[in-house]
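These are my notebook entries on a set of chains and the places where they touch. I took one chain by itself and then turned to the interfaces.

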Amino acid sequence: MTNPQDNTTVLDIQNVSKIYHVPTPGLERVYIAAVDQVSLALHEKPARIVSLVGESGSGKTTLARIMLGLTPPTHGEVLYRGKQVSELAKDGWWDFRRNVQPIFQDPFGIYNPFYRVDRALDMTIKNFNLAASKDEAFSLKAEALRAVDLRPEDVIGRYPHQLSGGQCQRVMLARTLLLRPKIIIADEPVSMIDVAVRMLFLNTLLDFRDKYNISSLMITHDLATAYYMGGPMLVLCFGRVVESGDIEQLLNKPSHPYTQQLLAAIPSPDPTKRWEERANVKITDRPLTHEGNKCVYVQRCPHAMSICSTKRPPQFMIEEGHYATCFLHQDHHPVREVAPRKS
Amino acid sequence: MLSFLKNCWRASGKFKFGVIVLTFFILLAVVAPLLYRPIIGNLSPARPGVFGRWIPPSAKHPLGTDGHGRDLLTDYLAGLRTTLYIGFLAGVIASGVGIMVGFLSAYKGGWVDSVLLTITNMLIVIPSYPILVAIAMVTPELGVASMSIILAIFSWPFSARTIRAQVMTMKERPYVELAKVSGQGDWAIIFTEILPNLTPYLLMGFAFSVVGAMVAEVGIEAIGLGPSNIITLGLMINFANGWGVYSMGRLEVLLIPVSALVLIFMAITMINRGMEEYLNPRLQKVTTEK
Amino acid sequence: MSAQAMTQTKRQGTGDVQTLMEIKDLRIWYRTTRGNAKAVDGVDLIIQRNEVFGLAGESGCGKTTLARGILGLTKLPGYVESGEAIYYRRISDSTSVGSDLLTMPAREIRQMRWRHIAYIPQGAMNVLSPVTRIEKQILDAIYEHSDMSKEAARARMFECLEMVGLEPTVARMYPHELSGGMKQRVTIAAAVSLKPGLIIADEPTTALDVNVQQVILQELKDIAKSMELTLIYVTHDMAVHAEMADRMGIMYSGVMVEVSPVIETFKEPLHPYTQGLLSSIPAIGGDRSRMMGIPGNAPSPLDWPSGCRFHPRCPKVMEICREQHPPLLEVTPGRLVACHLYPTPISGAAPTFEELK
């Protein structure tokens with residue numbers, strides 16, 4: 001999804017890896033790639049919601065932290081408007097900070113239990129000089145809260161434990177709205193809030209896209225949520241992007257065995273079409289391991305071939321904009337051309 | 001901090017008990033001179049031979065006198081006063097050093113952390129009691145302050161370790177990340193995000209240091225290695241031993257300082273448990289379904 | 001069971017040997033500093049033999065309290081305020097004997113637990129002791145709750161491990177050598193080792209990958225069907241219920257609001273809360289219209305709303321809803337709803353809940 005650089009690209013990560021050293025009892029040094037050569041770009045105009053789907057341990061939170069500039073990648077580049085984030089000067093850094101904002105997973109843990117929830121808003125208003133006076137700050141706060149369907153009187157002056165998870169999470173949306181960022185990186189924002197109020201959150205994120213032109217990266221383990229948000233989607237498996245494309249393309253023609261299994265395994269809210277009645281691929285849950293020169297999914301893959309455990313698969317183009325990192329497609333589909341990179 | 005203490009009070013009976021008992025002893029220590037001045041006048045409570053030996057309890061000497069011709073009530077009150085004083089002074093010094101070292105170690109990381117952690121761990125594994133005994137033997141004229149400092153040297157590593165561990169986990173808390181992306185600076189994060197949440201641990205570290213210092217002090221005094229120019233509860237235990245109160249049938253002379261110490265340790269431990277219970281809901285009996 | 005306890009708790013079956021458990025007006029409250037939290041507050045429910053019963057509801061609705069409560073696992077400050085949970089053991093083809101799990105002496109309920117009712121708790125993989133081999137953990141459970149001989153117990157253990165798709169070598173391993181999914185299987189193997197009549201599983205697959213979740217849930221369901229046992233499956237995930245359950249009960253604010261066969265629940269939800277819940281789950285494929293969810297917040301167990309507890313959030317609220325708590329009535333055969341929109345119970349069909357009582 002790395003379109004050539006153009007002026008609508010806000011955040012662009014190229015070939016990013018994050019490698020951790022795992023302590024072992026022996027002398028052998030073991031490394032794990034939490035994120036393994038991932039490239040992805042987020043654009044403005046038109047604003048879009050990109051979904052990143054992956055299960056726990058797929059490296060999606062690490063990727064989010066890298067994109068937010070909270071963790072430096074081990075390899076690869078994080079570019080904000082074409083410039084390396086780690087080398088941004090003071091003005092550039094504040095511009096980046098203001099325009100790339102997160103929503104975290106835990107609606108309660110995000111608030112310091114010591115303070116009232118609206119401190120999160122005050123802190124943002126103060127540090128980014130959004131208001132000239134106290135009154136202005138207050139009306140800004142109230143306006144932002146109303147924009148996310150909260151009544152200011154229900155929220156201002158309350159402590160986090162006095163609000164529900166859904167309310168807490170929407171206060172976070174209000175906080176990002178104060179800054180009108182170009183990009184919101186939402187890491188599993190609805191996984192810890194009640195099902196009945198998830199829709200409110202997701203709809204607000206959709207409104208942000210339509211009303212304020214805010215693009216989002218929606219990180220989720222739930223394909224159904226990703227489908228609801230629409231837009232392009234990347235499937236992450238053990239730190240690597242195994243398939244990417246528009247969500248409709250991926251659903252119509254899931255081309256990586258991991259995506260296929262994922263689709264087969266998610267419970268569907270329709271009791272007339274159960275797992276046992278759906279056409280099923282044989283599912284195993286053998287543990288996966290990180291190894292450089294093979295496909296990450298080879299241990300579980302029902303179609304594994306010998307090449308899969310000797311070579312890392314490149315991206316094959318299934319159709320325009322739809323890529324799968326799987327050797328099953330080597331005979332019928334061209335390898336994706338990777339644009340030559342500036343050193 | 002106040003609201004934290006208030007919540008502990010409300011949540012835990014142990015905490016309540018500890019606070020009541022400890023407050024009683026502290027008050028007693030504070031008003032002690034008012035109680036013993038009428039008996040001994042302006043003399044030092046430690047001065048021997050002021051009265052006759054082993055005078056039975058009377059109006060003038062509510063608990064009688066001891067084997068050195070001193071008023072027993074005065075002994076206990078003065079002893080309580082010094083013991084608490086040494087404990088708290090050592091506690092303050094130890095937690096002060098502990099906080100600084102713990103914070104520096106956790107927040108700076110890298111080689112600073114390695115060096116400080118090594119020193120801390122070394123002090124923890126050194127058996128402090130024999131060393132205290134050795135120090136006490138070569139310096140017979142120990143004052144209250146120098147005694148506190150020596151005790152503090154061996155108890156700060158514990159609070160440093162606790163603080164370090166807490167700062168390490170708090171550095172990774174989501175609200176610290178939120179503060180970062182909201183443009184808060186490093187110092188603002190330390191003082192407004194991390195430090196307030198650390199108060200309970202600071203208080204707990206302090207309480208541990210106090211108990212540690214008092215136990216060590218009593219131990220040294222009880223085996224007769226402490227300074228004899230100041231009266232402490234530990235010294236009273238030592239004296240009681242020397243006088244042979246068992247054969248005299250005056251067991252209460254030993255039991256009073258021992259039970260006072262037991263109550264004080266219990267109170268502080270209960271306060272600590274109460275705070276822990278409040279902080280760690282798993283220990284709490286009162287839970288509600290989320 | 002001692003003779004005395006037998007006479008105390010002995011009860012004739014309800015006439016229907018298909019009934020496995022009958023919960024009557026169960027209330028489990030928690031004492032808190034701010035008053036009683038009425039986590040479970042008047043639940044009526046009948047569990048049939050050999051069914052997979054899904055217990056659904058959002059966080060705080062009381063489903064876990066209910067599941068633990070009927071096992072006699074309510075711990076202080078929680079306590080059973082009132083109600084009964086009668087477990088019927090079939091003694092012949094036409095008769096069953098019931099005993100109230102809530103008034104049973106502690107020793108007896110401990111014997112009931114494993115042998116007749118097994119429990120797979122939330123985060124079950126963390127219940128395994130890290131320093132004990134798997135075989136010892138399973139065998140200890142078998143010895144404690146049965147008189148099985150050593151050989152028989154070992155044979156049974158391997159049988160159960162095989163049933164959940166684990167190699168016999170797993171028996172010699174320690175928990176840290178197993179993946180999360182394998183540990184969860186071990187707990188399932190242990191739970192079924194004594195051939196209980198009822199298994200209560202409380203979100204056993206949270207924190208597991210969807211692939212692993214599917215494998216485990218299917219195994220669990222296969223085991224339930226092949227061993228002819230009843231499975232009460234607790235989760236907030238409606239899609240899992242759609243995959244697993246025969247019938248499902250939906251809880252809201254400590255009460256059952258709808259109990260129906262799962263196909264009908266999804267085809268035509270009756271209670272406005274169920275309707276809202278189902279309109280909150282995005283499906284994959286199909287049209288992508290905006291879904292509404294349920295506005296408002298779940299109420300606090302310290303202070304449930306008056307009348308119908310859903311009325312402050314209900315889009316179809318009527319005057320009566322604010323004042324009167326709707327009873328759980330059978331509105332079509334086999335479907336029970338507690339909602340004033342469906343005021344008249346059907347007549348002439350299966351006996352209603354009220355009649356059964």
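For the elements I used DSSP runs numbered from the N terminus, with helices being H or I runs of at least four residues and strands being E runs of at least two. The model is a predicted one, in which local features need pLDDT of at least 70 and side-chain atom pairs count only at pLDDT 80 or more, while totals for chains, interfaces and linings use all residues. Residues are numbered from 1 along each chain as its sequence is written, and chains are lettered from A and ligands numbered from 1 in the order in which they are written.

**Entry 1: chain B overall.** I looked up the secondary structure of chain B and found eleven helices and zero strands. I recorded a span of about 75 × 45 × 35 Å for the C-alpha trace of chain B along its principal axes. I then checked burial (buried: 20 or more other C-beta atoms within 10 Å of a residue's own; exposed: 12 or fewer; partly exposed in between; C-beta atoms placed from the backbone). Of the 290 residues in chain B, 39% are buried. For contacts I required C-beta atoms, placed from the backbone, to lie within 7 Å. Among chain B contacts between residues at least 6 apart in sequence, 70% join residues at least 24 apart.

**Entry 2: helix α3 of chain B.** I noted that α3(B) covers residues 72-108, 37 residues in total. What does α3(B) reach from its first C-alpha to its last? The value is 53 Å, close to the expected 54 Å, where the expectation is 1.5 Å times one less than the number of residues. I found α3(B) mostly covered, with 26 of its 37 residues buried. After α3(B) comes Gly109(B), which has a positive phi near 65°.

**Entry 3: chain B against chain A.** I found 14 residues of chain B in contact with 17 of chain A. On the chain B side, the elements giving two or more residues are α7 (174-181) and α8 (186-222). α7(B) gives the most, seven residues. I sorted residues by class (nonpolar: Ala, Val, Leu, Ile, Met, Phe, Trp, Tyr, Cys and Pro; charged: Asp, Glu, Lys and Arg; polar: the others, Gly among them). The chain B side has six nonpolar, four polar and four charged residues.

**Entry 4: chain C against chain A.** Here 37 residues of chain C are in contact with 34 of chain A. α7 (210-226), α8 (238-244), α9 (262-267) and α10 (272-278) of chain C each give two or more residues. The largest share, six residues, comes from α7(C). By class I recorded 19 nonpolar, twelve polar and six charged residues on the chain C side.

Terms used:
Contact = placed C-beta atoms within 7 Å.
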